[in-house]
Amino acid sequence: MPWIEKYRPKKFSDVRGQAEAVTKARKFMEEFNLGKLTRGGKKALVLHGPPGTGKTTLAHVIASESNSEIFELNASDLRDKNKLHEILKPAIEQQSLTKKSKIILVDEADGISTVDRGGLSELIYLIDLTTFPVIITANDIWDRKLSPLRQKTEIIQLKEIDYKTITDVLFEILRKEKLFLNPNIITSIAIRAKGDIRAAINDLQSVSRMRDPSIIEFHERNKEVDIFNAMRIIFKGKPNNDTLKLFDSVKMPIDDIILWIEENIPAEYSGIELAKAYDRLSKVDVFKGRIYKQQYWRFLIYENALLSFGISSAKDGIKTGFTTYKKPSRILKIWMNNQKTAKMKSIAEKYAKHVHVGQKRARNEFPIIKQIIKSNPEIQVELKLDEDELAYLNK
Amino acid sequence: MTSKIWTEHYRPSKFSELVGQDEIVQRIESLTNSLNIPHLLLAGPAGTGKSTLALIVVKELFGDNWRESYLELNASDERGINVVREKVKNFARTKALGQVPFKIIFLDEADALTPEAQQALRRTMENYSATCRFILSCNYSSKIIDPIQSRCAIFRFKLLEKKDIEKVIKKISESENLTVTPGAMEILYEGSEGDCRRSINLLQSTASISPSINENLISTVISNAKPKDIKVVLDYALAGDFLRAREKLLDVMLKESISGQDVIKSIQKEIWNLPVEPEIKVKLTEKTGEAEFRIVEGSDPFIQLQALLASFVLAGLGKG
């Protein structure tokens with residue numbers, strides 16, 4: 001059994017380094033049970049924070065402390081209302097049989113897509129519908145797409161766990177496993193974990209089996225880095241040769257990483273740093289363009305180096321403090337705009353054909369043309385506008 | 001059926017009605033009367049009568065059945081030269097009816113074609129020269145490759161003068177029962193920038209609000225229709241608010257659906273009006289040129305524009 005499972009906390013008192021979150025979670029459950037009688041209060045709880053800070057664990061602890069079963073939904077279950085009903089039906093019916101109460105858990109809500117399917121609105125529908133408490137975990141609740149959730153839910157932040165707490169936990173595990181390790185190694189595992197206690201325990205378990213753990217080179221370890229951490233390393237840290245390889249460990253295409261960097265540069269940098277960082281990002285894009293046009297893939301090396309080391313070294317020294325990194329918003333905005341302007345384009349096209357001008361010119365002068373068409377129903381007939389187009393005009 | 005859109009309804013249908021291009025009209029009219037015209041290249045600014053003249057030629061030649069012998073294409077709307085060639089091929093396959101031994105293909109905005117595409121067009125023109133005449137229109141004849149220019153009779157359209165636009169507006173307002181004050185006429189001309197189509201559209205747009213057209217009314221219509229200014233974006237950047245500058249820029253680009261290169265063009269013009277030192281203007285111009293170069297080389301214009309905005313932020317701090 002992996003240690004991460006074996007030593008997963010079962011009670012509130014076992015949860016380490018999250019005292020504030022635990023207090024708030026208990027309070028939420030108490031209020032929920034009261035709210036059942038009074039029909040007031042919030043029915044859903046969001047646990048958010050970086051990976052490995054104990055979000056899912058805390059959800060399970062809440063369940064076991066309130067003698068409830070966990071009923072877990074994932075993002076794909078939330079794709080449509082009918083499916084959701086089907087899944088929830090047994091959960092609601094079984095209640096009378098087992099007498100055990102339930103907690104509905106939606107793990108990793110960051111994965112819910114809002115663009116193509118209404119996952120988020122289904123989730124809100126679920127919250128309105130449910131008689132059970134809903135617990136949602138997410139890395140970043142401040143992501144714009146999750147904003148409708150924020151009004152409906154109680155939000156609890158789980159912080160990165162400080163390395164001393166992690167060290168204590170690691171020592172405890174070793175004691176229970178009756179193993180001994182050089183304290184320096186334990187401390188360095190705890191520091192390298194950067195607040196991610198799950199990573200620390202996993203590392204500890206892998207190191208404990210080695211005959212001579214002191215030979216391990218922690219810097220060379222190639223663990224998967226999630227994008228939020230990658231942003232932190234780039235923007236906060238001092239660039240070194242590990243920085244160059246950072247994006248190899250991020251499970252995301254480099255084109256997407258470029259969008260993340262683009263979105264978040266102004267969150268950390270200003271003035272000269274801002275200009276420097278964007279200048280490097282612009283060179284990243286130039287190399288990207290050259291790769292596309294010439295199919296010369298070696299340019300990827302420069303693209304990657306400028307994007308990692310280049311962006312990181314645009315600052316003097318290091319940055320401190322907590323920054324909430326945002327997901328790239330530009331692609332979504334472009335998509336939404338295209339939806340909006342599709343009708344404008346189709347009207348402009350009909351108009352252009354009719355009056356012998358280019359479509360581009362018709363679009364450029366659309367505000368004037370729109371007023372003409374809008375105010376004259378005969379012209380609308382003349383251009384054979386369909387209902388959707390008329391609706392757009394009169395909006 | 002006559003159109004309710006004034007640019008169509010009042011489009012001249014005889015040579016004598018066309019304003020401001022007397023010399024061109026005379027030459028083309030005599031060509032048309034001879035029933036044998038060469039390929040024509042009509043060059044000049046928007047709204048000076050190029051399409052209208054082409055339509056008049058066609059109507060004079062073919063009479064009421066002109067639609068059967070006429071193909072109108074817009075180079076910037078068609079997806080590539082191959083689509084153009086395909087359409088030309090289908091159209092040119094059948095012979096012209098009646099006494100005129102050819103059909104007419106009008107290719108608007110021919111300068112939107114790349115030089116390579118124009119080479120392909122040249123071959124097409126040669127292949128179908130027995131059955132078709134081409135009328136090409138463009139804003140700048142310098143963007144048309146020499147081999148095509150040498151195959152065409154070239155006509156340069158002048159920007160319309162104030163008296164020309166006034167004549168058109170007066171004619172329309174009389175038959176539509178509008179009153180246009182002299183001040184409004186002035187603004188209408190300025191707002192049209194010598195583009196007759198634009199002046200008529202402005203007039204109809206304003207007339208849809210009220211038949212008595214004064215300065216204020218027309219100014220309101222014009223300013224509502226103006227694209228959101230790139231200047232606002234630069235003002236935010238110079239004031240150090242990068243995030244708002246970026247947001248506004250994306251907004252403007254999406255709403256007006258303008259390309260990165262178009263934005264660069266307006267930025268480059270706007271620099272000279274900015275409240276910064278001459279030395280910084282030069283530096284910003286250089287940065288802008290570099291950004292344009294990188295847009296051409298790169299893949300994502302918006303990233304290049306952000307980098308440029310960051311330079312403006314620096315300039316605003318006096319560190320450009």
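In what sense do strand β1 and strand β4 of chain A pair, and over how many bridges?

## Sheet of chain A

Strands β1 (residues 44-48) and β4 (residues 134-138) of chain A pair in the parallel sense over five bridges; two strands pair if DSSP finds at least two bridges between them. A:Ala44 has A:Val134 of β4(A) as its bridge partner. Helix α3 (residues 55-65) of chain A packs on the sheet and touches β1, β2, β3 (101-106) and β4 of chain A. The direction of α3 makes about 165 degrees with that of β4(A) (axes are lines fitted to C-alpha atoms, for helices over the stretch in contact, and angles run from 0 to 180 degrees between N-to-C directions).

## Basis

This is a predicted model, in which local features need pLDDT of at least 70 and side-chain atom pairs count only at pLDDT 80 or more, while totals for chains, interfaces and linings use all residues. Residues are numbered from 1 along each chain as its sequence is written, and chains are lettered from A and ligands numbered from 1 in the order in which they are written. Helices (H or I, at least four residues) and strands (E, at least two) are DSSP runs, numbered from the N terminus.

## Contact of chains A and B

Chain B gives 42 residues to the contact and chain A gives 39 residues; residues are in contact if their C-beta atoms, placed from the backbone, lie within 7 Å. Elements giving two or more residues on the chain B side include α1 (6-9), β2 (70-74) and α15 (301-316) of chain B. With nine residues, α15(B) gives the most to that side.

Terms used:
Two residues are in contact if their C-beta atoms, placed from the backbone, lie within 7 Å.
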